[in-house]
Amino acid sequence: MHESIFNLLGWLPDIAILAIAAGAFGLLGGLIAFFSHRVWFRRWVQRAPHEEKLADTVHTSLLGFAAFVLALSVTDAFSVLSKVEDSVRLEALEIARLDRELEAQGAAGEAARRALAAYVRDVAREEWPSLGRTPSALSPRVRQHLDDVWKGVRAVQHGLGEDYKNVRDDMSAYLTTIERYRASRLAAATNNIPAVFWGIIGLFGIAASFLSGRDQPSRYGTQINMIQMSAIGLVVGLIVVLNNPFRGETSVSPAIMIEALKR
């Protein structure tokens, strides 16, 4: 179920995801506070001062725990996004280097260059969208293009003499690095926040909203609680936006790799 929700959110602009998350958390928080007072807290109208102080302490602690978990998740999401962008730029550099070496071989390197161009094209057209969905996957078509690049490179290497050993080694190193960076993309796409995290955040939010219903609901108190929960919802929406570096507006663009062949 959560996979369908995340795939659906992937089609929405970032501002819409943030607005939906803030609105949903704010509305849910207001409803929980209202019903917690009607069903539970109005049974105890008279409460001792130390009981009120204890409730305030617990309420503040719950919000602090939620903020701490959310901050860790946002930091982790930004870190993954930054690492993926670095690896894509390095892969693009290796692609440009390999293409330059193949170009220097003239007609012998044309087959490998065509396969390399097809690899980059279908990474952008096919593999990026498949990595942006849940569950994420690498494209078999792109794998075939990479195999074709290997065949073309091996044919070029076979025709080189012993004096060009460094060229053969360089081409193998470039292509091996490209393969490694491609595999790392799948690892980054599947490094999603576990479902238990969302359960913990939901429990923190529900508990905090429940304690907000200690007093008789008023327009002012309800607005404050909804604003508070909407702020939590905004951070949750930000995590959803950043959770997969290949999906949505705030993500790594495959244009970095496409530009590598436009020398």
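Q: How is the model to be read, and which numbering applies?
A: This is a predicted model, in which local features need pLDDT of at least 70 and side-chain atom pairs count only at pLDDT 80 or more, while totals for chains, interfaces and linings use all residues. Residues are numbered from 1 along each chain as its sequence is written, and side-chain values use heavy atoms, with hydrogens and water left out.

Q: Why is Val88 called buried?
A: Buried means under 20% relative accessible area, exposed means over 50%, and partly exposed lies in between (1.4 Å probe, protein chains only). Val88 has 0% relative accessibility, and therefore counts as buried. Val88 belongs to helix H3; helices (H or I, at least four residues) and strands (E, at least two) are DSSP runs, numbered from the N terminus.

Q: Which residues does Val88 touch, not counting residues up to four places away in sequence?
A: Contact means heavy atoms within 4.5 Å. Beyond four places in sequence, Val88 touches Trp128, Val252, Ile256 and Met257.

Q: What makes Glu91 buried?
A: The relative accessibility of Glu91 is 1%, so Glu91 counts as buried. Glu91 also lies in H3. Setting aside residues up to four places away in sequence, Glu91 touches Tyr119, Ile178, Tyr181, Arg182, Arg185 and Met257.

Q: How do you know that Ser87 is buried?
A: Ser87 has a relative accessible area of 13%, and is therefore buried. Ser87 is found in helix H3, which covers residues 49–104. Tyr181 and Ser184 are the residues that Ser87 touches when those up to four places away in sequence are not counted.

Q: Why is Ala67 called partly exposed?
A: Ala67 has 45% relative accessibility, so the label is partly exposed. Ala67 is likewise found in H3. Ala67 and Gly106 are 39 residues apart in sequence, and their C-alpha atoms are 59 Å apart in space.

Q: What makes Ala115 buried, and which residues does Ala115 touch?
A: The relative accessible area of Ala115 is 8%, so Ala115 is buried. Ala115 lies in helix H4 (residues 110–132). Not counting residues up to four places away in sequence, Ala115 touches His145, Asp148 and Val149.

Q: How are the axes of H2 and H8 arranged?
A: Two packed helices are described by the angle between their axes and the distance between the axes. Axes are lines fitted to C-alpha atoms, for helices over the stretch in contact, and angles run from 0 to 180 degrees between N-to-C directions. The axes of H2 and H8 come within 7 Å and cross at roughly 145°. The residues of this contact divide into 15 nonpolar, seven polar and one charged, where Ala, Val, Leu, Ile, Met, Phe, Trp, Tyr, Cys and Pro count as nonpolar, Asp, Glu, Lys and Arg as charged, and the others, Gly among them, as polar.

Q: Why is Gly237 called buried, and which residues does Gly237 touch?
A: Gly237 counts as buried because its relative accessibility is 0%. Gly237 is found in H8, and touches Ile17, Leu18 and Ala21, not counting residues up to four places away in sequence.

Q: What makes a space a cavity, and how many are there of 30 Å³ or more?
A: On a 1 Å grid over the protein atoms alone, a cavity is a set of points where a 1.4 Å probe fits but cannot get out, and a pocket is an open set with protein on both sides within 12 Å along at least five of seven lines; lining residues have an atom within 4 Å of a point. Grid points are joined across faces, edges and corners, and a volume is the space filled by probe spheres set on the points. By this rule there are two cavities of 30 Å³ or more. The second largest cavity holds about 40 Å³, and its lining consists of Asp76, Ala77, Val80, Asn191, Ile193, Leu242 and Asn243.

Q: Which residues lie nearest the centre of the second largest pocket?
A: They are Ser212, Gly213, Gly221, Thr222 and Asn225, from a lining of 18 residues. This pocket has a volume of about 280 Å³. H8 gives the most to its lining, with five residues.
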